[in-house]
Structures are given as C-alpha cells and as structure tokens.
Amino acid sequence: MRMMEFKMERQGLVEVGDEVTVTESALPTSYYYTIQPMVAMSKNYQGYERLKSTKGIIREIRTTDRGFYAVVEFDEEE
C-alpha cells in the first residue's frame with residue numbers, strides 16, 4: 001500500500017472512503033497527479049517515484065492552516 005497526499009482548495013468535494021481516479025501529468029523532470037475531476041493535486045514526484053495505480057481510496061481529510069489535504073491509499077502490490 002502507498003499513501004499520497006493531495007492538496008484541495010475546497011473541502012466537501014470528496015469524502016473519506018470514496019474511491020477516486022487519478023491522472024498522471026508530466027513535467028520536464030518530474031510527474032504530478034490529479035484526482036479527477038480536478039478535485040485535488042499532488043506534489044511533484046521523480047520518475048522512480050511514479051504511481052503504479054490509477055485508483056485509490058480516500059483514507060483521511062486534513063484541515064491545516066495551509067488548506068485542505070486528502071490522503072489517498074493506493075494498492076501497488078505487484
């Protein structure tokens with residue numbers, strides 16, 4: 001299992017337990033992921049850190065002074 005954090009601008013767009021689909025986007029030297037439909041975005045990851053799965057489950061939603069964060073669990077067992 002792999003946990004990843006996604007930054008949300010507004011809360012209430014996803015709930016704990018929801019299954020979400022993510023898309024991968026490429027930058028010149030890294031990759032980032034977006035929960036569809038454009039709900040939240042991950043930090044940038046290097047090539048060796050690329051996600052192997054496109055579906056995950058929301059395990060936690062955090063509220064901080066910097067905004068809202070969704071923690072998503074992905075099953076990456078091969």
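Reader: Leaving aside neighbours within four places in sequence, which residues is Glu 73 in contact with, and what makes a pair of residues a contact?

Author: In this predicted model, Glu 73 touches Met 1, Arg 2, Met 3, Gly 56, Ile 57 and Arg 59 once its neighbours within four places in sequence are set aside. Each of these counts as a contact because heavy atoms of the two residues lie within 4.5 Å. Glu 73 itself belongs to strand S6, which covers residues 67–74.

Reader: How do you know that the peptide bond from Gln 36 to Pro 37 is cis?

Author: Its omega is near 0 degrees, and on that value the bond between Gln 36 and Pro 37 is assigned as cis. Most peptide bonds are trans. Pro 37 sits in the loop that runs between strand S3 (31–35) and strand S4 (40–42).

Reader: What radius of gyration would a compact globule have with 78 residues, and what does the protein chain have?

Author: For 78 residues the expectation for a compact globule is near 12 Å, and the protein chain has 12 Å, so the value agrees with that expectation. Along the principal axes, the C-alpha atoms fill a box of roughly 30 × 25 × 20 Å.

Reader: How many helices and strands are there in the protein chain, and what percentage of its 78 residues count as buried?

Author: The protein chain has zero helices and six strands, running β-β-β-β-β-β from the N terminus. Of its 78 residues, 36% count as buried, a label given because their relative accessible area is under 20%.

Reader: Among contacts between residues at least 6 apart in sequence, what percentage join residues at least 24 apart?

Author: Within that set of contacts in the protein chain, 58% link residues at least 24 apart.

Key
Residues numbered from 1 in each chain as written. Predicted model: local features only at pLDDT ≥ 70, side-chain atom pairs only at ≥ 80, totals over all residues. Heavy atoms only, no water. Helix = DSSP H or I, 4+ residues; strand = E, 2+ residues; numbered from the N terminus. Rg over C-alpha atoms; globule rule 2.2 N^0.38 Å. Buried < 20%, exposed > 50% of the residue type's maximum accessible area, 1.4 Å probe, protein only.
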